[in-house]
Amino acid sequence: RLIAISPVRKSSNDRCPKVFKPPCKRLFPTRWAMISAIIFDFDGLLIDTETADYQAWLEIYREFDLDYPLVEWQQQIGIYRPIPEALIRLERLRGPIDRQALNELNERRQKRSLELAIQKPLLPGVTEFLHECKNSGLRLAIASSSPRTWLDHFLISRGLTEYFEVIITGDMVDKVKPDPGLFLKALDCLTVPPDLALVIEDSKN
C-alpha cells in the first residue's frame, strides 16, 4: 500500500516528484545510503482513516437515497477544499442546497468520520518501521493536508509524536497537496537538503 516518492526536488512547474517502487532490502539499499530524513503522509498511510471517511460520506448520501461509488470517492482522496468534492457532487445529483445546510452536513460527516477512524489501529508494520527508522538515525516528519487537530486525535493517543521532529499540516500552508508546499516546508523545518530526503505517500493527490 505504501508508495515511496523519490527525493524531494523543487521544479519549475511545481509538480510532485515521480513515483518509484522501493527495493526490499533493509530500510534502504546502498544507493539510498545518504538518505537522512523521511517525510510521511498520514491519512491512509499510518492509519486507515480513509475507509472511515468513505463510510461517513455513504451515510450522508443514503439520507438522500443516493449512492457514492467507491471509484468516484477515490478520485478525491487527499484533496481538501472549503466545500468538499463529495458535497459538490451531492448538489449536482440532489439539486441546490443552501450553504448553512451544506456546512451542517459536512460537520456531521467530520464527526462521524472521527468516531469511526479513532477506533482504527495503526496499519500493520507502522510501529516497527518508525522504530527502526529512529534507531537508524533517520529524522522523521509528517506532511499532511489534514488540520493539526485531526492528526492530534491519533498521534497523541497512540504515542506517535515522539517519533516525529516536525509535523506540518494543511492549516500551516497556503496550498495543500498535490502542491508540494507541505513537503518543502517540512524540509525547511528539518533543515535537510532535498536530495537527502524521501517522501512516503499512498495517494496520487
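This is a predicted model: local features need pLDDT of at least 70, side-chain atom pairs count only at pLDDT 80 or more; totals for chains, interfaces and linings use all residues.
Visitor: How does S36 count by relative accessibility: buried, partly exposed or exposed?
Guide: Buried means under 20%, and exposed means over 50%. S36 has 24% relative accessibility, so it counts as partly exposed.

Visitor: What separation do the C-alpha atoms of S36 and L140 have?
Guide: Along the chain, S36 and L140 are 104 residues apart. Leaving aside neighbours within four places in sequence, S36 is in contact with G137, L138, R139, V192 and L196. The C-alpha atoms of S36 and L140 are separated by 8.9 Å.

Visitor: Which element gives the largest share of the lining of the largest pocket?
Guide: The largest pocket has a volume of about 810 Å³. Of its 37 lining residues, the closest to the centre are Y80, R109, S145, S146 and P147. Elements giving two or more residues to the lining are α1 (49-63), α4 (99-117) and α6 (148-155). The largest share, 6 residues, comes from α4.

Visitor: How many residues of that lining are charged?
Guide: The lining of the largest pocket has 11 nonpolar and 14 polar residues. The charged residues number 12.

Visitor: Why do the buried residues of α6 line one face of the helix?
Guide: In α6, W150, L151, F154 and L155 are buried. Seen down the axis of α6, these buried residues line one face because they fall within an arc of 120 degrees.

Visitor: What covers the buried residues of α6?
Guide: Both helices and strands take part. The cover includes α1, α4, β3 (139-144) and β4 (166-169).

How values were computed:
Residues are numbered from 1 along each chain as its sequence is written. Side-chain values use heavy atoms; hydrogens and water are left out. On a 1 Å grid over the protein atoms alone, a cavity is a set of points where a 1.4 Å probe fits but cannot get out, and a pocket is an open set with protein on both sides within 12 Å along at least five of seven lines; lining residues have an atom within 4 Å of a point. Grid points are joined across faces, edges and corners, and a volume is the space filled by probe spheres set on the points. Helices (H or I, at least four residues) and strands (E, at least two) are DSSP runs, numbered from the N terminus. Ala, Val, Leu, Ile, Met, Phe, Trp, Tyr, Cys and Pro count as nonpolar, Asp, Glu, Lys and Arg as charged, and the others, Gly among them, as polar. Buried means under 20% relative accessible area, exposed over 50%, partly exposed in between (1.4 Å probe, protein chains only). The arc is that of the directions from the helix axis to the C-beta atoms. Contact means heavy atoms within 4.5 Å.
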